[in-house]
Amino acid sequence: MDQFEGYLVLNTGDVLSGKWLSEPFCQEGELVFNTAMTGYQEVITDPSYAGQIVSLTYPLIGNYGCNDQTNESVHTALSGLIISTPCFDPEHYQSHYSLVDFVNRVGIPTLYDIDTRALTKIIREHGEVYGKITTDPNDQPVQMSVDPELVKHVSVKESVYYSPQANLLEKHVVVFDYGHKQSIVDALLKAGCEVTVVPYDTSYLTIQSLDPDAVIFSNGPGDPASLSAFLPTVKAVAETYPTLGICLGHQLIALAFGGKTSRLPYGHRGSNHPVKDLATGKVMITSQNHGYVVKETTIDQSQWCISHLNVNDQSVEGLRHKTKAIQTVQFHPEAHPGPVDTHHIFADFVESLCLKGAKQHA
Amino acid sequence: MPKLTEIKKVLVIGSGPIVIGQAAEFDYAGTQACLALKEEGIEVILVNNNPATIMTDENIADQIYLEPLTVESVSKIIAKEKPDGLLPTLGGQTGLNLAMALTDAGVLAQHQVTLLGTPLETIQKGEDREIFKSMMKEINEPIAESQSVESVAEACEFANQIEYPLIVRPAYTLGGAGGGIATNQAELTRIVKNGLHQSPIHQVLIEQSVKGWKEIEYEVMRDGNDTCVIICNMENFDPVGVHTGDSIVVAPTQTLTDQQHQMLRSSSVKVIRELGVIGGCNIQFALDPTSDDYIIIEVNPRVSRSSALASKATGYPIARIAAKLALGYHLDEVLNPITGDTYASFEPAIDYIALKIPRWPFDKFYQADRSLGTQMKATGEVMALARNFPAALNKAVRSLELGLDSLVCPGIEKLTNQQLEEGIVSPTDQRLFLLAEMLRRGYNISQLKAFTGITKYFLEELKRMIDFEVSLSKKGWEHVAASELKQAKQYSIPNSRLASLLAIEEQTVLDIINQLDLSASYKMVDTCAAEFSADTPYFYSSWQEYDEVEALDKKHRVVVLGSGPIRIGQGVEFDYCSVHAAFSLKDQGVAAIVINNNPETVSTDYSTADHLYFEPLTVEDVRQVVNKEQADGVLIQYGGQTAINLAEGLSQHGINVIGTDLSMIEKTEDREQFYQLLNDLSIPHIPGATVMSVADAKAVAAEIGYPVLMRPSYVIGGQGMVVLKNERELDDYLSTLIEQTPSSRLFPLLIDQFIIGDEVEIDAVCDGEDIIIPGIFEHVERAGVHSGDSVAIFPAPNLTSEHKATIEDYTRKISQYLNIRGIINIQFVMSEDRQTIYVLEVNPRASRTVPIASKITGVEMIDLATKVQMGKKLRDQGWMLGLHKEVPFYAVKMPIFSSTKLPGVDPILSPEMKSTGEAIGIGNTVEAALAKAFGWKEEHFLPISEEKGLFLSIASVSEELIKALKTITGKVVATKDTAQLLLANGYQVDHVLTEQDAQMAIENEQFNVVCDQQSPMIRAQGLMVGAVVLSRIETLTAYLNAWQHKEVEPNTLKGYQNGVNDLNKVKVEV
């Protein structure tokens, strides 16, 4: 095993030295940390991490190996991975590759033996941090802002159609792909829906021609404000079809209806975020991965109600339109990784389509 | 939701004395819960008869009853106090069982007491395996095939339907007592028979075994609004088959995919919702390593040992939050006290590994069966936190205090490969060390996995560390790179181990490490993996660069050493002392820094000290903390022998050991110097000497005359201590000792003449000039019984004023001579004619009687001692000096044994300590106090009736015994010799039995009390059937006398003390 030194150089001036887990190659990105203690493969393959170097706060990574079933996307999008202690000889009945094999297969620059807790505190204190994984400790990151074209990179180029294996409902759901996780599609298929994943820039007319029963605006990377050109389409589609927005999709809907988003100090990324359902008063533990948030004060409360709030920082976690069939959530009901406490959101969404019976055309 | 407004007064039931399966974790949980209730303005009534606890401290509850944990006693308390609510889920199995019994007896309904928190039906659902089984079937959660049976025949019938091996689990027993794994019908018959005896409802569950599956635990909380959170999950190093209390456990799980974790998480949530738990709940799963199949093993709807571990592993205070939920709060309404600004309705994320190793008593009970199965045998546990597995393991092994600094356990290297292979197939306490030896011998992971079923990940991690050690030792000192040394420290390999691997001096290792500027850095436990800033964090060492300790801003900073894992001879009483030392420092404006590694205790609660370090208690680990904190010094008197043993090493590194001078401590530990000291002070000591060889031992023994008392030096709990009647016994003893002890530690041995007299002991606070002795403890048993195993009465009822004056005089002389600053314990033995008082031993530290003396008299001894150590004068503290006037009531300290949990351990009293805990009984007369102490728990103070009488087989009698026997109205049976002995002394028994017939009669449950000095078989049989088994006539006499004074009202400690609080206070002149 090559154990020569690799470096994570940050725009804060910090240089953290580690060892190469992957083949050494340099790459830049925004630094973020994820606090989930399981689900590293799901994190690595989540397109929402496009443009980001992800540090995993749990130090022992790779213990149960990697496989072909757990990927959240075909192509990994993140810019780099930082961990503390890898496992080189994993054992699990599903495991096909070690973490080393995996990061090399998918080509992610990865450093280990890094004090990830120190890195977490740097990110927490500075908020927005950019860095470069490099072979040279004197290197410096060039990138100083979030790439506005991230979604373009991770979205499908052409529509992809999926048909369910069982429980056929004869309901067709279109997923706007801003960098969707496969688990969203899987959840819909499992519920018996047909699914068409469409590129992020699909027009209203194209959607109409697909004749969906409902639309989901998916999760995805980057600053939602960089997608302002597409907001009219988002609004028109959402007003026409029963709609569910997830993560970036939630933010885009809020923007399309006149709300504003802002950057969180250092994001919510992990599997332990408590969210309160204001209708029931119950708290659910959710999987989250977002750096931006909908500003509560910018929501038109005559049209919208806030359905969910984050228990820790009281940030907006979900919206529901008062008259139209539009619901949005900031967290990830599809989980993977993370708890399935909010999985009922898919079930409720699909059930509402069935209750409505006939298609609801504008 | 606001809290339940109608609840203003709450009764909390504690878990009572420490027994195997129920240790200090309930002091921690109970203390947290009581404080959480008080915070809400609730009046807290506490019943707990374990005096060595923080929970029973004056400021923890409003009314404290140190009274028996029986339906009778608690019913009276309820009638008197009329509480609105009862919180039963914090006192372990004892608390739960008592709450259920009180409900069944109609006491709660009669007094309109609401059961708070988890509903009773839930508790029954969790505890009654049949109900639990059908409930799990209803909600489609998988469980093992099983059946509850009430007879051996039923068990065999069920066994015929499914395959062996089968697990036997008795209903409603602690720590799985009486359970086991049967691989054939003969074993099944034996285990079921025993299990039926142990179960209070005579029921056992026969269950299909999933031996070899991964054992996984989830700690879940649920509030009244149905919000559920997982605090922590844990994975057992040992696969299913070993009781979780006896398993090495890591948190979080290491080898489960996110999908598997979520699968078990969802199952946990489903189960806790179905049960309707309000508060904490522990769920144990078995997970097939070759698929996603799982079964639920069991559910504990209460705080437990696992919840204490989960609390310390994550920082999330489960018991505290559970108490709030019981009052009606919701999780999102309760602040997470660690972060201070996030709420309890989240799931902790940790960024380290927590590893627990149980602490077993086999170093003391070498005759006990060391195999581990479904019946828990550990007395305590240690936890280590680290950034990698090898570091956690190394820290935990050091924390066990087995004299090991690595996975090398002396003696194992002598075993053959075949012995090793046989040794790891069935789990024992030594399996970890056997595995390490096999890896050193080149066994591969697949082989070890095949033998043990242990998940490969854990074996790989062991191998990683062993390979690293081997590579270092092959390299030799000159060729070791700085990066390798850093790696060694990141694996937490101590300098002593590095020195032996590299064949150099330990000091050389230290010098090089200092030259390389390598040092330990400390990371925080903050519940959130650094996502949020933390208010009251605690720390663990790593050797990664970044250190998070912010210097404490007080002028003086002092380290208090804890006492490590609970073991026989060093129990929760030392945790009590460490905690009080920390509190006292804080009161005095001094920053208190606590180091300890026991996850069960109050001392490792984040709120006890200003800074808490979860670290092993070795010179190296402590020195690093002292340096990091720039502490003024270290207090070593409160953490038992663990802390005292570090004094010399710390001092050699230039660390200020506060209090008594080290050379003076040495004088009490070194027998020669000690006798010299007593001679100088003209204080009589028992004739004796220190010997350095076998020949020497024989000569000295002959000279002072048999019987002699013999023991290795520097021991705790009388380990290896024996009374030898002649040279043959001496020979036998020495040859056994030589087999068990590495020769380097065998000598010196101490030999004393054995004087059969009454024993007394004192604890005193001293400042070099003055002393305060709150009172004298008198032992019921005469010499020859370890002080920890004797029944002790306080204040001493049978001493003359001359005796007391002599004891006070000796104590003053000794403490002045030694310039004791702090606390001291002195044990005395009186000659048979009570004319001479010998000093038996001097312990320059707190002892197990300190909490009792402090609580009964109100003299906060540890606080005073700490003040003295911080430079204050005893005479300025508001207390009278010298031996205090006696309180007008009595307390009895009753040793409690866990003998039924440890097959092979003879319950006979001897100089070697065997008890695991102690109960207290308080009364206005000695007999009343004794009655409460003997009757500490249901079915422990049994009557001697016609049907169930007293069996006697004893070698001596006393006048007192004869007198007491004459009060018995029930049946008294004895062996022929005993009957003759009694007759000669004026007492005639009802029947005479041969030993063989007696054994049969005992097995047939014809006796409630067995007093036997002759036959281990008889005593073992007595234990099996749940009789009271005694082995000393003094104890029996006390038992019989106490029985005459059984009917006593419970009272609070304050009630007993009423009007005597100021007895020994200095009157302030106006």
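This report describes the chains, their contact, the nonpolar cores and selected local features of a predicted model.

## Chain A

Chain A contains nine helices and 19 strands. Its radius of gyration is 20 Å, close to the 21 Å that the globule rule gives for 362 residues, so chain A is as compact as a globular protein of that length. Along the principal axes, the C-alpha atoms of chain A fill a box of roughly 65 × 45 × 40 Å.

Of the 362 residues in chain A, 60% count as buried. When contacts in chain A between residues at least 6 apart in sequence are taken, 75% of them join residues at least 24 apart.

## Chain B

Chain B has 38 helices and 41 strands. A compact globule of 1070 residues would have a radius of gyration near 31 Å, and the 28 Å of chain B agrees with this. The box filled by the C-alpha atoms of chain B, taken along the principal axes, is roughly 75 × 70 × 70 Å. Of the 1070 residues, 61% count as buried. Among contacts in chain B between residues at least 6 apart in sequence, 70% join residues at least 24 apart.

The domain assignment divides chain B into domain 1 (9-124), domain 2 (145-209), domain 3 (210-237 + 256-348), domain 4 (689-746) and domain 5 (942-1045). The centres of domain 4 and domain 5 of chain B, taken over C-alpha atoms, are 33 Å apart.

## Contact between the chains

Chain A puts 39 residues into the contact, and chain B puts in 43 residues. On the side of chain A that touches chain B, the elements giving two or more residues are helix 3 (116-126), strand 15 (261-277) and strand 16 (283-294) of chain A. Helix 3 of chain A provides the largest share of this side, five residues. By residue class, the side of chain A that touches chain B consists of 16 nonpolar, 14 polar and nine charged residues.

In soluble globular proteins, nonpolar side chains tend to be buried together. The largest nonpolar core in this model has 446 residues, and those touching the most other members are B:Val12, B:Ala33, B:Val559, B:Val560, B:Leu561, B:Val634 and B:Val765. Helix 20 (residues 572-587) of chain B gives the most to this core, with nine residues. A second, separate core has 17 residues, including B:Val168, B:Val192, B:Leu196 and B:Ile206.

Not counting residues up to four places away in sequence, B:Val560 touches B:Ser578, B:Ala581, B:Ala582, B:Ala592, B:Ile593, B:Val594, B:Leu635 and B:Tyr638.

B:Ala386 belongs to strand 16 (residues 380-386) of chain B. B:Ala386 is buried because 26 other C-beta atoms lie within 10 Å. Leaving aside neighbours within four places in sequence, B:Ala386 is in contact with B:Tyr352, B:Ile353, B:Ala391, B:Ala392, B:Lys395, B:Ser492, B:Tyr540 and B:Ser542. B:Ala386 and B:Ala396 are ten residues apart in sequence, and their C-alpha atoms are 9.9 Å apart in space.

## Backbone features

Most residues other than glycine have a negative phi, and most peptide bonds are trans. A cis peptide bond joins B:Ala251 and B:Pro252, with omega about -5°. B:Pro252 lies in the loop between strand 12 (249-251) and helix 9 (258-275) of chain B. The bond from B:Phe794 to B:Pro795 is also cis, with omega near -10°. B:Pro795 is in the loop between strand 31 (792-794) and helix 29 of chain B.

A:Gln314 has a positive phi, near 60°, and lies in the loop between strand 17 (304-310) and strand 18 (316-321) of chain A. A:Gln314 counts as exposed because it has 10 C-beta neighbours inside 10 Å. For B:His202, phi is positive and near 50°. B:His202 sits in the loop between helix 8 (185-198) and strand 9 (204-208) of chain B, and with 13 C-beta neighbours inside 10 Å it counts as partly exposed.

Notes
Residues numbered from 1 in each chain as written. Chains lettered and ligands numbered in written order. Predicted model: local features only at pLDDT ≥ 70, side-chain atom pairs only at ≥ 80, totals over all residues. Core = buried A, V, L, I, M, F, W, Y, C linked by C-beta atoms within 7 Å. Buried ≥ 20, exposed ≤ 12 C-beta atoms within 10 Å, placed from the backbone. Helix = DSSP H or I, 4+ residues; strand = E, 2+ residues; numbered from the N terminus. Contact = placed C-beta atoms within 7 Å. Rg over C-alpha atoms; globule rule 2.2 N^0.38 Å. Nonpolar A, V, L, I, M, F, W, Y, C, P; charged D, E, K, R; others polar. Domains from an automatic or database assignment.
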